[in-house]
Amino acid sequence: MTTLRLRPEGPADTGPVRRVLTAAFARPDVSTPPEVGLVEDLRGTDAWIPELAMVAEYGGEVVGCALLTRVHVRGDGGSAPALALGPVAVAPHRQRVGHGTAVVQAALDAATELGERLVVVLGDPAYYRRFGFTRADRMGLSSPWSGLGEPWQALVLPPSTSGDGPAPRGEVLFPPPWSKV
């Protein structure tokens, strides 16, 4: 019986993750989807957190990925760390069987274990609602994507031993690679 294995991305996964992203975000108008460049550019920044770059492996093949990277929330009290979820991708031949849900949940669980407090995402509300995401603007968070309404979402992670205070509010600042998407 083949099982799904969820784990942090390793050095040998760079090529397979690129293939998954390319296939999952394929469009006829571009040879390489911008999500591929986003991940490659983020790897070289301080926003990259190796423990939060998760892959889903099925039958020895990387079939999915979910990435959480560092962002900051600038509010009245200064700057607070948070995470951005994305991109999330599953190889087309393994979609709609739960691999995406599993790899996102693994990333969120790892973030909770690290004591992280807040995650933001831009995506389908019907999909991300299953993890507990809600409209970010209603949580006092703004970003370049705030005007999109429901797709701009946030999730307050369960308190850990180090992060039981309220979630930060303010403007979410993304690292430069995000401006290319």
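**Cavity lining and helix packing**

Strand 3 contributes the most residues to the lining of the largest cavity, namely 3, where strands are DSSP runs of E with at least two residues and helices are runs of H or I with at least four, numbered from the N terminus. This is a predicted model, in which local features need pLDDT of at least 70 and side-chain atom pairs count only at pLDDT 80 or more, while totals for chains, interfaces and linings use all residues. Residues are numbered from 1 along each chain as its sequence is written, and side-chain values use heavy atoms, with hydrogens and water left out.

Cavity

- The lining of the largest cavity consists of Glu-9, Val-17, Val-39, Ala-53, Met-54, Cys-65, Ala-66, Leu-67 and Pro-87, lining residues being those with an atom within 4 Å of a point on a 1 Å grid where a 1.4 Å probe fits but cannot get out.
- Strand 2 (53-58) and strand 3 (61-75) each supply at least two residues of this lining.
- By class, the lining has 8 nonpolar, no polar and 1 charged residues, with Ala, Val, Leu, Ile, Met, Phe, Trp, Tyr, Cys and Pro taken as nonpolar, Asp, Glu, Lys and Arg as charged, and the others, Gly among them, as polar.

Helix pair

- Helix 1 (residues 14-24) packs against helix 2 (residues 34-42) at an angle of about 150°, with the axes 8 Å apart; helix 1 is therefore roughly antiparallel to helix 2, a term for angles over 145 degrees.
- Arg-18, Leu-21 and Thr-22 of helix 1 meet Glu-35, Val-36, Val-39 and Glu-40 of helix 2, contact meaning heavy atoms within 4.5 Å.

Terms used
Axes are lines fitted to C-alpha atoms, for helices over the stretch in contact, and angles run from 0 to 180 degrees between N-to-C directions. Angles under 35 degrees count as roughly parallel, over 145 as roughly antiparallel, 65 to 115 as roughly perpendicular and the rest as oblique. On a 1 Å grid over the protein atoms alone, a cavity is a set of points where a 1.4 Å probe fits but cannot get out, and a pocket is an open set with protein on both sides within 12 Å along at least five of seven lines; lining residues have an atom within 4 Å of a point.
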